[in-house]
Amino acid sequence: MRILGIETTCDETAIAIVDDGVNVVISKVASQIDVHKQYGGVVPEVASRLHLEMLPIVLDQVFQESGVSISSIDAVAIAALPGLAPALATGFAYASGLATNLDVPLIKVNHLHSHVWANFLDNKVNYLDLIGKNVICLLVSGGHTQLIRLMIEDRSLTFNIVGETQDDAAGEAFDKFAKMINLPYPGGPNVEIFASLGEYKYSDLPKPMLDQDNLNFSFSGLKSHIYRMLQDDPQILESIQSRYDLSHSFQRTISDVLIAKSMKAIELYNAEYLLLAGGVVANKYIRNSFEQMCDTRGLKFSAPDFKYCTDNAAMIAGLGYIKSMEI
Ligand code: KG4
Ligand code: ZN
């Protein structure tokens, strides 16, 4: 089954074609980052207008570069909630118009669940191998941080949230921290570069909720702690090495918290498999730290290919395949 996926939940206009949920024929992402950068973050109405402009252009590129015949598309999948309302509305209107023109079904998929599906693209992990297994997934994106118990059957996936952030998401924390140390939007990738040049000099940063016996997260206290630190000692920002060291320490603190809570979930549910998902998993330090931890504990581990960690439409088309079977 050949599905064309469309993603417009935030600031990427993406279209992809995926066969049978996992074989990516083509995946194109047109990023709006350069426009939103000047505002220091994503402006929903601007994102919506740019999606409208870019969707027909990206669609043309997808068909021209892949050589796929438009008549071979069996269904259109569109990323529905969660996302920015104006951006979602534009994508939905475009996708439903396309599905109507092609006379194929329109399948709405959950954007967060599709991040998890990114692990199965190009058969990095065969989802059929996970049927009946005890799987925990950590989803860390710009707007969400969730621990999920994933139940996989051959025609359906069930997502049970067992822990989540009480305030900021991990990606949001990266973006806000970047602003505090004068790094441009999007924060995550820029903080990672700075962190790679620093050391763990600020080892006393708070690790919120680590001592609590639950699977929830909180990152706003860490953000406020750093804010106060920078108010009390503005000199930190004047030294490039201090900014590197603070970035490194911040990244490690987030990583330590994510790992500790994930391991707690794995123990509680006796899981044998850990899947990572979402934009923050593009961070090599976090990814490698998880991989090492899983190796040590003999746990099976997967994270999506780098190009499928952040927003893309291949994950939308992929999840659309399973959803089409549920209909
Ligand atoms: O999953 P995603 O692409 O979009 C949402 O659905 O939110 O995640 C975007 C988030 C942003 O907060 C961004 O700063 C973060 O992922 N991110 C990173 C890295 N690349 C993207 N965070 C840390 N390190 C990275 N390399
Ligand atoms: Zn996303």
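In this predicted model, three helices each supply at least two residues of the shell around ligand 1: α4 (111–117), α5 (170–180) and α6 (187–195). The shell holds 18 residues. H115, G142, D175, E192 and G279 come nearest to the ligand. By class, the shell residues divide into 11 polar, 4 nonpolar and 3 charged. The space that ligand 1 takes up is the largest pocket.

Polar contacts to ligand 1 involve both side chains and backbone. The side chain of E192 places an N or O atom 2.7 Å from a nitrogen atom of the ligand. N283 also contributes through its side chain, with a polar atom 3.1 Å from a nitrogen atom of ligand 1. D311 contributes through its backbone: an N or O atom there lies 3.1 Å from an oxygen atom of ligand 1. Taken alone, the ligand exposes 560 Å², and the protein buries 88% of that area.

A strand pair was also examined. Strand β7 spans residues 145–153, and strand β8 spans residues 156–164. The two strands run antiparallel and are joined by 8 bridges. Within this pairing, Q146 has E164 in β8 as its bridge partner.

Notes: Residues numbered from 1 in each chain as written. Chains lettered and ligands numbered in written order. Predicted model: local features only at pLDDT ≥ 70, side-chain atom pairs only at ≥ 80, totals over all residues. Heavy atoms only, no water. Pairing = 2+ DSSP bridges. Helix = DSSP H or I, 4+ residues; strand = E, 2+ residues; numbered from the N terminus. Near = heavy atom within 4 Å. Polar contact = N/O pair within 3.5 Å; in protein donor to acceptor, adjacent residues only side chain to side chain. Areas by Shrake-Rupley, 256 points an atom, 1.4 Å probe, with all protein chains shown as cover. 1 Å grid on protein atoms, 1.4 Å probe; cavity = no way out; pocket = protein on both sides within 12 Å on 5 of 7 lines; lining within 4 Å. Sits in = over half its atoms within 2 Å of the grid points. Nonpolar A, V, L, I, M, F, W, Y, C, P; charged D, E, K, R; others polar.
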